[in-house]
Amino acid sequence: MFDKICSFENLYSAYLKARKCKRYKKEILKFGFDAEANLLKLKERLEIQTYKHGGYREFVVNDSKKRTIKAAPFADRVVHHALCNIIEPIFDKTFIFDSYACRKGKGTHKAIKRVKTFLRSLAFAERERERESKNTTRGIYCLQCDISKYFDSINHEILFGILQKKIADKKVLRLIQEIIDSNNFETGKGIPIGNLTSQLFANVYLNELDQFVKRDLKRGYYLRYMDDFLILGTDKRELWQAKDKIAEFLKNGLDLNLHPKKAEVFPARTGIEFLGFRIFAAYAVLRQSTLKRFAKKMKEKKGDEAAAAKAFDSFRAFADKCRSWQTTQNLEAIFLPRRREEKIISRVNAELQTFSEGLTL
């Protein structure tokens, strides 16, 4: 396994992935100026085990909440990709179907679609049960939880122990230990949000929770997106009991705590606020907080039409899978009036052209 990680082909593939969409940044241009020589040096350092992880550059992003991002030097990012290229397929096979963050073929929109499927399936089962028992339906409830300061709370020792269960190669384990300990070595807790490896390690860590919920609690309608997860059911008391068991498992097994204000059971008929949407069985709509964040971002880009257009197109792609057509049209008219006007004129001209061609015929 270690030889595969250190192979030039794998390192070159990792280099191409690491520079994707960022190739004109100074640090990456400098590495790429003599990419072959730099990759060979990195290969040698890995093979003779003299590789040491570099320091991080920190910055804060303020999206839904303030987050401290730690960016590793570019050479280390190449190593992260090289490692993940080889070990990610091994761990991905062990993940449950309904884990949707940072996995190929998954993602936000598929998670939302799955929640709607869960709701429809439970609603159908309840109708059938009601017809047979002649009793009124109990309704559908949702247990929704969030883990408090998840990335900052991951225990290095526990994480390494989980990884050891699948990896026997001592050289690979030494490389993994070097990457884990590159952040908060003194406290032994926390992995940096900016690392590609952190995305994989975070999924590996909470796969322990996924297996507990599926095998021990035997909950079918369970879904997780990174540290946000939910369970659907028709018995409110059972869901509260499941919450207590999950909290105990997280504390004793993974040294984690549920967020005290983001772990609750509520009726699903009010809509499930998840991943920026409010989800119902038949459809989903954008959350008000999502729209407010977007409006704030667009105001910050006022005066830079190209940046505003790029941000708007990105938002529209995000909102495309829910009932949002009229909303996005209104937002475009507010924040990109010139582009909106050009679209209307273009459409009118096209209709007039079609009309005039019809008269000619």
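**Contacts, burial and surface patches**

Apart from neighbours within four places in sequence, N207 contacts T94, F95, I96 and R224. The model is predicted. N207 sits in helix α10, which spans residues 196-216. N207 counts as buried because its relative accessibility is 7%, under the 20% cut-off. S99 lies 108 residues from N207 along the chain. The C-alpha atoms of N207 and S99 are 8.4 Å apart.

Helix α6 covers residues 108-133 and includes R120. K116 is also placed in helix α6. K116 is buried but forms no salt bridge. With residues up to four places away in sequence left out, K116 touches I279, F280, A281, A282, Y283 and K321.

K321 also belongs to a positive surface patch, together with K110, K113 and R120. R120 has a relative accessibility of 41% and therefore counts as partly exposed. Buried residues fall under 20% and exposed ones over 50%, so this value lies in between.

V348 is part of helix α15, which runs over residues 337-360. V348 counts as partly exposed because its relative accessibility is 37%.

Key: Residues are numbered from 1 along each chain as its sequence is written. This is a predicted model: local features need pLDDT of at least 70, side-chain atom pairs count only at pLDDT 80 or more; totals for chains, interfaces and linings use all residues. Side-chain values use heavy atoms; hydrogens and water are left out. Patches are made of residues with over 30% relative accessible area and no salt bridge: like charges are joined within 9 Å, nonpolar side chains (Val, Leu, Ile, Met, Phe, Trp, Tyr) within 5 Å. Accessible areas come from the Shrake-Rupley method with a 1.4 Å probe; for residues, only the protein chains shown count as cover. A salt bridge is a side-chain nitrogen of Lys or Arg within 4 Å of a carboxyl oxygen of Asp or Glu. Lys and Arg count as positive and Asp and Glu as negative; His and the chain ends are not counted. The place of a charge is taken as NZ of Lys, CZ of Arg, CG of Asp or CD of Glu. Helices (H or I, at least four residues) and strands (E, at least two) are DSSP runs, numbered from the N terminus. Buried means under 20% relative accessible area, exposed over 50%, partly exposed in between (1.4 Å probe, protein chains only). Contact means heavy atoms within 4.5 Å.
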